[in-house]
Amino acid sequence: MSGPGVRGSSPEGTAQRIGVLLVDDEQLIRAGLRAIIESEPGLTVVGEAGDGAEVPGLVSRLRPDVVLMDVRMPAVDGIRATGHLMSTMDNPPKVVVVTTFENDDYVYEALRAGASGFLLKRARPEEIVSAVRTVSAGDSLLFPAAIRRLAATHGDVGGQDRLAGVGLTERESEVLRLVAKGLSNVEIAGELFLGVQTVKTHVGNLLAKLGARDRTQAVIRAYESGFIKPVG
């Protein structure tokens, strides 16, 4: 087993390695994910678990940057395991839930619990690697179109904008709408003619006001609150 990951790892893996914990009740799935991840420079598997019940102890001991978490497991599923990490750790790892079905309510509940995104079990190796790097970097959404579809399905179509009371500035509101479209910090900077660091500041401020850990949680809040109206 490799050594523990280093928080704040470079998304390109050139300076610091991104540590990944694999959680799936099927050993064959874990073996496949391990082979994919460990073939990539800058990525390493720090440990494995066969059920969500093992996750808290392993995360505390191994300090992974990213957890690839099966959403359905026999004892403690990925939703409960993710929620536990987010509610009990000051600096929890990024969680990507792994699922068979894209439109599964389990996936949405895992995202609401704090997961940063999801992967299909049939994902190509390059998609798995990209997912780990994307959530580790944290400056763009993982598979934004899919997350928008899930959020829109559960969004508030006719309600009032319940974010009105959180005090978002006009600029922060603009940035949130662009985040929800899946734009990265660099793309938002270009769209609004701002510096990238200024965009990062706006994103940080709106996350704090929304009480959201990351961009995915902010997008979910934006749809569920009625701030962004689902189409259709």
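Me: At what angle do the axes of helix H7 and helix H9 cross?
Reply: This is a predicted model, in which local features need pLDDT of at least 70, side-chain atom pairs count only at pLDDT 80 or more, and totals for chains, interfaces and linings use all residues. Residues are numbered from 1 along each chain as its sequence is written, and side-chain values use heavy atoms, with hydrogens and water left out. Helices (H or I, at least four residues) and strands (E, at least two) are DSSP runs numbered from the N terminus, while axes are lines fitted to C-alpha atoms, for helices over the stretch in contact, with angles from 0 to 180 degrees between N-to-C directions. The axes of H7 (residues 170-180) and H9 (residues 196-210) come within 9 Å, and they cross at roughly 90°.

Me: Which term describes how H7 lies relative to H9?
Reply: Angles under 35 degrees count as roughly parallel, over 145 as roughly antiparallel, 65 to 115 as roughly perpendicular and the rest as oblique. The crossing at roughly 90° therefore makes H7, relative to H9, roughly perpendicular.

Me: Which helices do the buried residues of H7 pack against?
Reply: Buried means under 20% relative accessible area, exposed over 50%, and partly exposed in between, with a 1.4 Å probe and protein chains only. In H7 the buried residues are Glu-172, Ser-173, Val-175, Leu-176, Leu-178, Val-179 and Ala-180. They pack against H6, H8, H9 and helix H10 (215-224).

Me: Why is strand S4 described as largely enclosed by the rest of the structure?
Reply: Strands pair if DSSP finds at least two bridges between them. S4 (residues 94-99) runs parallel to S3 (residues 66-70), to which five bridges join it, and four bridges join S4 to S5 (residues 117-120), also in parallel. S4 is described as largely enclosed because, of its six residues, those that are buried number five.

Me: Which residue in S3 is the bridge partner of Leu-21?
Reply: Four bridges join strand S1 (residues 18-23) to S3, and the two run parallel. In S3, Val-66, Leu-68 and Asp-70 point one way and Val-67 and Met-69 the other way, and all are buried. The bridge partner of Leu-21 is Val-67.

Me: Is Phe-193 buried or exposed?
Reply: Phe-193 lies in the loop between helix H8 (185-192) and H9, and its phi is near 55°, a positive value in a residue other than glycine. Most residues other than glycine have a negative phi. With a relative accessibility of 77%, Phe-193 counts as exposed.

How values were computed. Contact = heavy atoms within 4.5 Å.
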